[in-house]
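Subject: Structure handover and findings

Hello,

Please find the structure below. My notes on it follow.

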Amino acid sequence: YTTLFRSVDAARYALVRVSMDTQVDIDLDLLSQHSNDNPVYYVQYAHVRACNVARNAAEHGVTRDAGFDPAALDSEADEALLAALAQFPAQVAQATELREPHRIARYLESLAATYHAWYGQCRVTPRGDDPVEPGHVARLWLNDAVTQVLRTGLGLLGVSAPERM
């Protein structure tokens, strides 16, 4: 993930994340930072984190073979993430209808925040020698959904969704 792509992505994202009827004030210093204060970095980092979770799950024997069991998602953080994901189609439709792409950017930032909170509270991989349980598998599927929505949303904005940083 090169500096050139980061720069192009930061510029595109900075321009698209504000409403057309708002004065654009771009903070170049902020956009060059690799921190959670930089909105494009924050969203892209959520995508990178989700990709890493999937790789780690595979290394720990968590697979999708058993299928998705939504009943295994039993935490409030799971519910919050599911609710955030469910908003994506409506957000895209509204952004399209109103010709306001900033709605997608703001949605992605909100989803990233919800995902980062979920990541801090829920496990996709078992601890130590514990067995893989249905909750791990269901959370892997949920993680996959986040990966897809972030990738799709960033793609709609013309911004890359890196798998590693």
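Is Cys 122 buried or exposed? Cys 122 is buried, because its relative accessibility is 9%. Buried means under 20% relative accessible area, exposed means over 50%, and partly exposed lies in between, with a 1.4 Å probe and protein chains only. Cys 51 is also buried, because its relative accessibility is 9%. There are zero disulfides in the structure. A disulfide here is a pair of cysteine sulfur atoms within 2.5 Å.

Some ground rules. This is a predicted model, in which local features need pLDDT of at least 70, side-chain atom pairs count only at pLDDT 80 or more, and totals for chains, interfaces and linings use all residues. Residues are numbered from 1 along each chain as its sequence is written, and side-chain values use heavy atoms, with hydrogens and water left out.

Overall fold

The chain has seven helices and zero strands. Its pattern along the sequence is α-α-α-α-α-α-α. Helices (H or I, at least four residues) and strands (E, at least two) are DSSP runs, numbered from the N terminus. The chain has 165 residues, and 41% of them count as buried. Take the contacts between residues at least 6 apart in sequence: 79% of these join residues at least 24 apart. Contact means heavy atoms within 4.5 Å.

Helix α3 and what follows

Helix α3 covers residues 39-59, which is 21 residues. From first C-alpha to last, α3 reaches 30 Å, close to the 30 Å expected at 1.5 Å a residue. The expected span is 1.5 Å times one less than the number of residues. Just after α3, Gly 61 has a positive phi of about 80 degrees.

Asp 65 sits in the loop between α3 and α4. Asp 65 is exposed, because its relative accessible area is 72%.

The α5/α6 pair

Helix α5 is residues 88-98 and helix α6 is residues 102-121. Their axes come within 8 Å and cross at roughly 155 degrees. That makes α5 roughly antiparallel to α6. Axes are lines fitted to C-alpha atoms, for helices over the stretch in contact, and angles run from 0 to 180 degrees between N-to-C directions. Angles under 35 degrees count as roughly parallel, over 145 as roughly antiparallel, 65 to 115 as roughly perpendicular, and the rest as oblique.

Which residues meet across the pair? From α5 come Phe 88, Gln 91, Val 92, Gln 94, Ala 95 and Leu 98. From α6 come Arg 103, Ile 104 and Tyr 107. These contact residues divide into six nonpolar, two polar and one charged. Ala, Val, Leu, Ile, Met, Phe, Trp, Tyr, Cys and Pro count as nonpolar, Asp, Glu, Lys and Arg as charged, and the others, Gly among them, as polar.

Arg 99 is in the loop between α5 and α6. Its phi is near 55 degrees, a positive value in a residue other than glycine. Most residues other than glycine have a negative phi. Arg 99 is exposed, because its relative accessible area is 67%.

Leu 85 belongs to helix α4 (residues 76-86). Leu 85 is buried, because its relative accessible area is 11%. Beyond its neighbours within four places in sequence, Leu 85 contacts Tyr 107, Leu 111, Leu 142, Ala 145, Val 146 and Val 149. Leu 85 and Tyr 115 are 30 residues apart in sequence, with 9.7 Å from C-alpha to C-alpha.

Thr 125 is in the loop between α6 and α7 (134-156). Thr 125 is buried, because its relative accessibility is 13%. Leaving out residues up to four places away in sequence, Thr 125 touches Asn 56, Ala 57, His 60, Val 62 and His 136.

How accessible is Asn 143, in helix α7? Its relative accessible area is 0%, so Asn 143 is buried. With residues up to four places away set aside, Asn 143 touches Ala 50, Val 53, Ala 54, Tyr 115 and Trp 118.

Thr 152 is in helix α7 too. Thr 152 is partly exposed, because its relative accessible area is 30%. Thr 152 and Phe 88 are 64 residues apart in sequence and 10.0 Å apart in space, C-alpha to C-alpha.

Best regards
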